[in-house]
Every structure is written in C-alpha cells, then in structure tokens.
Amino acid sequence: MKRVEAIVKPSKLEAIQKGLTLAEMPCMTVIPVKGAGMQKGYSEIYRGTEKPMILMSKVMIICVVSDENLEKCIDVILENASEGNVGDGKIFVYEVYDAVRIRNGERGNAAIR
Ligand SMILES: Nc1ncnc2c1ncn2[C@@H]1O[C@H](COP(=O)(O)OP(=O)(O)OP(=O)(O)O)[C@@H](O)[C@H]1O
Ligand SMILES: [Mg+2]
C-alpha cells in the first residue's frame with residue numbers, strides 16, 4: 001500500500017475528488033494547509049498583488065491506495081490539478097505498513113477497498 005499526499009490549489013479539490021471517485025478510489029482525507037514551494041510565495045499572486053514570504057493556502061489530499069492503484073491515482077491528480085503553472089502543487093508518495101478497518105478488523109488491502 002502507498003500513501004499519496006497531494007498538496008494542490010483548493011480550487012482543484014472538487015475535480016480531483018470526482019476523478020478519484022470515478023476511478024474507484026473514493027477514500028480520502030483532506031486537510032487545509034499553508035505552504036511555500038520553490039518560489040517561497042514570491043511569484044504567486046495573492047489578492048491581486050505579489051507579496052513576499054507569504055504562505056499560500058493549499059489543500060492536502062491524502063489517499064492510501066493499493067500498489068496496483070498507485071499510478072492511476074497519481075494520473076487522476078495530475079489530470080485534474082495541472083495547469084502547467086508554478087504553484088500547481090506537489091505529490092509525495094510513502095510506503096504504508098498496514099491499515100485496519102476498525103469495524104471488522106480487516107487488514108491491509110482489504111481494509112482500504
Ligand atoms: N519540499 C517540500 N516539502 C514540503 N512541502 C512542499 C515541498 N514542496 C512543495 N511543498 C508544498 O506544496 C505546495 C505547492 O508547491 P509548489 O507547487 O509551489 O511546488 P514547487 O516546488 O515550487 O513547484 P512549482 O515551480 O511548480 O511551483 C507548497 O505550498 C507546499 O505546501
Ligand atoms: Mg512553487
């Protein structure tokens with residue numbers, strides 16, 4: 001299993017959720033975050049003006065998926081979040097040791113399906 005952590009523009013969340021649901025990966029955790037990428041906030045417009053050293057509002061979408069679904073998950077996020085602009089976001093992928101469905105004790109892939 002892999003944990004896919006995508007940090008994207010808030011305006012992309014709805015399309016990403018729709019895309020992941022259509023691709024049969026509806027499970028996700030979404031957290032509002034603030035962050036800086038390579039531009040450290042400099043080149044991104046904030047309320048019409050450039051402001052130095054600000055943290056941009058983004059959303060972090062966390063999906064734990066099977067190894068088999070990993071590339072499909074990344075593709076869906078890219079398709080729905082990429083405009084080819086700085087600040088489009090970033091995806092981090094982590095190894096997941098285990099998952100447990102609390103209701104019935106299912107483990108691993110059975111718990112994330
Ligand atoms: N190395 C990193 N570590 C932690 N968070 C990061 C890292 N890089 C990016 N982020 C997070 O992702 C968000 C979006 O990053 P961003 O798209 O600006 O990346 P970038 O590396 O600057 O690429 P680009 O040149 O396309 O803007 C940041 O606001 C930050 O929250
Ligand atoms: Mg950036």
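Strands here are DSSP runs of at least two residues, numbered from the N terminus. One caution before the details: this is a predicted model.

With that definition in hand, look at strand β6, residues 89-95. Strand β6 gives the most to the shell around ligand 1, with 3 residues. The shell as a whole has 15 residues, and the closest are Met38, Gln39, Gly87, Gly89 and Lys90. Sorted by class, there are 5 nonpolar, 6 polar and 4 charged residues around ligand 1.

Which residues come within polar reach of ligand 1? Start with Gln39: an N or O atom in its side chain is 2.9 Å from an oxygen atom of the ligand. Gly87 uses its backbone instead, with a polar atom there 2.5 Å from a ligand oxygen. Gly89 also uses the backbone, where an N or O atom lies 2.8 Å from an oxygen atom of ligand 1. On its own, ligand 1 exposes 610 Å², and the protein buries 70% of that. The space that ligand 1 takes is the largest pocket.

Now to another part of the chain. Gly48 is in the loop between β3, residues 45-46, and β4, residues 49-50. Is Gly48 buried or exposed? Its relative accessibility is 64%, and the cut-off for exposed is over 50%, so Gly48 counts as exposed.

Last, a distance. Gly48 and Asn104 are 56 residues apart in sequence. In space, their C-alpha atoms are 51 Å apart.

That's what I have.

Notes. Residues are numbered from 1 along each chain as its sequence is written. Chains are lettered from A and ligands numbered from 1 in the order in which they are written. This is a predicted model: local features need pLDDT of at least 70, side-chain atom pairs count only at pLDDT 80 or more; totals for chains, interfaces and linings use all residues. Side-chain values use heavy atoms; hydrogens and water are left out. A residue is near a molecule or strand if one of its heavy atoms lies within 4 Å of it. A polar contact is a pair of N or O atoms within 3.5 Å; within protein, one must be able to donate a hydrogen and the other to accept it, and residues adjacent in sequence count only if both atoms are side-chain atoms. Accessible areas come from the Shrake-Rupley method with a 1.4 Å probe; for residues, only the protein chains shown count as cover. On a 1 Å grid over the protein atoms alone, a cavity is a set of points where a 1.4 Å probe fits but cannot get out, and a pocket is an open set with protein on both sides within 12 Å along at least five of seven lines; lining residues have an atom within 4 Å of a point. A molecule sits in a cavity or pocket if more than half of its atoms lie within 2 Å of its grid points. Helices (H or I, at least four residues) and strands (E, at least two) are DSSP runs, numbered from the N terminus. Ala, Val, Leu, Ile, Met, Phe, Trp, Tyr, Cys and Pro count as nonpolar, Asp, Glu, Lys and Arg as charged, and the others, Gly among them, as polar. Buried means under 20% relative accessible area, exposed over 50%, partly exposed in between (1.4 Å probe, protein chains only).
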